[in-house]
Amino acid sequence: MNVSQSQWILSGFGDEISPDPEVQIAVLQALGATHIEVRSAWGTNIVDLTDEELARLDGILREHGMGVSAIASPIGKVDVAEPVEYEVGRLARAIRAAEVLGARYIRIFSFYRAEDQTPEDIRDAVMERMTALADLAAASGVILVHENEKEIYGDTPERVLDIIETVGSPALRVAWDSANFVQVGVKPFTSAYASLRPHLEYFQVKDARSADGAVMPAGEGDGELAETIAALREDGFEGFFSLEPHLANAHHLGGFSGPFAFGVAGRAFGRVLAEAGVTAQ
């Protein structure tokens with residue numbers, strides 16, 4: 001497919017900029033983004049927003065002509081010992097947010113384990129929970145995108161593929177995060193692209209340095225972003241590229257950059273795209 005025929009859409013994690021959705025939108029639009037990925041607003045996680053708060057947020061987004069690329073939920077970012085029903089219930093709240101805000105995608109994870117457990121020890125429990133989540137998503141008309149967060153079951157390419165193939169649902173796809181792969185000792189393009197590309201639906205823009213795992217602006221780390229973007233261009237990929245810089249602070253449920261550092265990250269990714277001959281809109 002010719003590059004000019006592909007649709008690459010720029011988005012970003014608004015709460016990496018500010019707790020205030022108005023500030024989030026202003027910075028993203030200054031970078032040329034037409035969409036936002038919603039993880040929290042006014043300091044409250046997306047699955048904890050009330051219906052009134054969701055309606056207020058929807059009104060602000062509509063007023064500024066901002067679309068929502070995904071609901072960046074924390075689903076699956078808990079110990080696998082939690083009952084299946086716990087995360088299924090929270091996913092219902094994320095689905096409600098997706099309905100109100102007009103989002104097709106919901107980001108999820110594949111569970112932490114106890115210190116004395118191996119990934120193999122929790123595999124069956126993970127698959128049971130991921131299947132239940134995918135079933136609810138399919139019934140609700142949304143698509144779950146699994147992020148390869150470090151220290152969850154699906155933090156390596158092999159285990160991400162295991163989840164996708166075992167669950168076998170069109171409602172469960174891959175959200176690619178180069179930095180997270182680097183932080184678990186994986187060369188993203190070299191070791192993961194070929195196997196995961198058929199399932200890749202959503203791209204989170206973050207880079208990292210392999211020497212110490214430090215998060216870097218796009219193209220300045222070892223995440224092989226240039227190679228990955230070039231391959232996606234040749235493959236005719238269409239979809240969202242969501243800025244998630246983590247340049248000022250990272251924590252269990254996400255990260256923060258602030259307006260200035262977020263702008264640095266956005267411009268760095270713009271350079272990566274320009275060098276690949278790609279324009280995101």
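Predicted model: local features only at pLDDT ≥ 70, side-chain atom pairs only at ≥ 80, totals over all residues.
**H1 and H2**
- Helix H1 covers residues 21–30 and helix H2 covers residues 51–63; their axes come within 10 Å and cross at roughly 30 degrees.
- Angles under 35 degrees count as roughly parallel, so H1 runs roughly parallel to H2.
- As for handedness, H1 passes H2 in a right-handed crossing.
- On the H1 side you'll find Pro21, Glu22 and Ile25, and they meet Leu57, Ile60 and Leu61 of H2.
- Sorted by class, this contact has five nonpolar residues, one charged residue and no polar ones.

**H2 and H3**
- Next up is helix H3 (residues 84–101), whose axis comes within 9 Å of the H2 axis, with a crossing of roughly 35 degrees.
- The crossing of H2 and H3 is right-handed.
- H2 brings Asp51, Leu54, Ala55, Leu57, Asp58 and Leu61 to this contact, while H3 brings Arg93, Arg96, Ala97, Val100 and Leu101.
- The contact of H2 with H3 splits into seven nonpolar, four charged and no polar residues.

**The cavity**
- Counting cavities of 30 Å³ or more, you get one.
- The largest cavity holds about 40 Å³ of space.
- Its lining is made of 10 residues, and Val205, Pro217, Ala218, Pro245 and Ala265 lie nearest the centre.
- Eight residues of that lining are nonpolar, two are charged and none are polar.

Methods:
Residues numbered from 1 in each chain as written. Heavy atoms only, no water. 1 Å grid on protein atoms, 1.4 Å probe; cavity = no way out; pocket = protein on both sides within 12 Å on 5 of 7 lines; lining within 4 Å. Points joined across faces, edges and corners; volume = space filled by probe spheres on them. Nonpolar A, V, L, I, M, F, W, Y, C, P; charged D, E, K, R; others polar. Axes fitted to C-alpha atoms, helices over the stretch in contact; angles between N-to-C directions. Helix = DSSP H or I, 4+ residues; strand = E, 2+ residues; numbered from the N terminus. Parallel < 35°, antiparallel > 145°, perpendicular 65-115°, else oblique. Left-handed = near helix turned anticlockwise from the far one by under 90°. Contact = heavy atoms within 4.5 Å.
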